[in-house]
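Hi everyone, thanks for making time.

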Amino acid sequence: MQPRRFAQLDVFAHHALQGNALAVVLDGEGIGDAAMLDFARWTNLSETTFVLPPTPEGAACGADYRLRIFTPAGELAFAGHPTLGSCQAWLNAGGTPRQAQVVVQECAKGLVSIQRSSSASGMDHAGLAFAAPPLQRSEVPAGLQAQVLAALALQADDLLAAQWLDNGSRWMGLLMRSTDMLPRAQPNAVALRTLGVKAGLCAIHTPSSGAMAAEPVLEVRGITLTAHGIAEDPATGSLNASLAQWLGAAGHIALPYRVQQGAAIGRAGRMRLVADAQGQIWVQGQVHSVLTGQVIL
């Protein structure tokens, strides 16, 4: 065990303490899998990450660092707010990317590009943006849809569409008919845990009558499984990356658009989804450093 640089950050919010908290161990070399999981359980945050040098294969492909992502229940192949938060922590600690405006992260999902704010990046505020990883999506059987809606205390008529969404983190995407239906959802922890479903509810805000043209706004609730039951995410990058790929391709919403998440738990998660000229979707958000120091691991 030895002292290691440590940071906690708030991700996907315009102001600190309004988004999704993340713990980052910046010197992850030499920590075993069991110790990583033990520390993630101890922090009791949705995710804790460990920054390591890239593998030889990753370095050959341009990776600047490698990231391992743990929940208190186990390791994830990819997650959104740990990607942006860990990148910002690495930059704050003196990390120098090979490319001036792009950081390349290696994780179990593969290589993920992260843009730094610049006039050329199309970002409209200071922050970072990660490239949405490739998405696998499929239809949700009607019977399972009904079970999940019942577990959320919602009705079949409330639902417009559903898809399985998997980019390294698997969610059931549920597009609801109206934003009024989102606060009505009352998750049944036992039922959702039994079904093994993380539910990503969303609905598109209806523009005000006579309002000037502006980017659409998607309201989101992310009901996720934890080691002991379920919880609600204040801001979920992986889910929103998947939702943008699905909803955009299906014609439900036009990019760019903005996301509001976390209202049901008193947070103000905020992000922006854009597509570049090649059709790559980017998830933009701000990151705030909250705590720095050392941990003994």
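A word on the ground rules. This is a predicted model, so local features need pLDDT of at least 70 and side-chain atom pairs count only at pLDDT 80 or more, while totals for chains, interfaces and linings use all residues. Residues are numbered from 1 along each chain as its sequence is written, and side-chain values use heavy atoms, with hydrogens and water left out.

So, what is it built from? The protein has six helices and 18 strands. Those are DSSP runs, numbered from the N terminus: H or I with at least four residues for helices, E with at least two for strands.

How does its radius of gyration sit against the rule for a compact globule? For 297 residues the rule gives a value near 19 Å, and the protein has 19 Å, which agrees. That radius is taken over C-alpha atoms, and the rule is 2.2 Å times the number of residues to the power 0.38. The C-alpha atoms fill a box of roughly 55 × 45 × 35 Å along the principal axes.

Of the 297 residues, 52% are buried. Buried means under 20% relative accessible area, exposed means over 50%, and partly exposed is in between, with a 1.4 Å probe and protein chains only.

Now take contacts, meaning heavy atoms within 4.5 Å. Among those between residues at least 6 apart in sequence, 64% join residues at least 24 apart.

On to helix H1, residues 33–43. Which of its residues are buried? Met36, Leu37, Phe39, Ala40 and Thr43. Looking down the axis, they fall within an arc of 160°, so they line one face of H1. The arc is that of the directions from the helix axis to the C-beta atoms. Turned away from that side are the exposed Ala34 and Trp42. The cover over the buried residues of H1 includes strands E1 (3–11) and E18 (287–296).

After H4 comes Ala153, whose phi is positive, near 60°.
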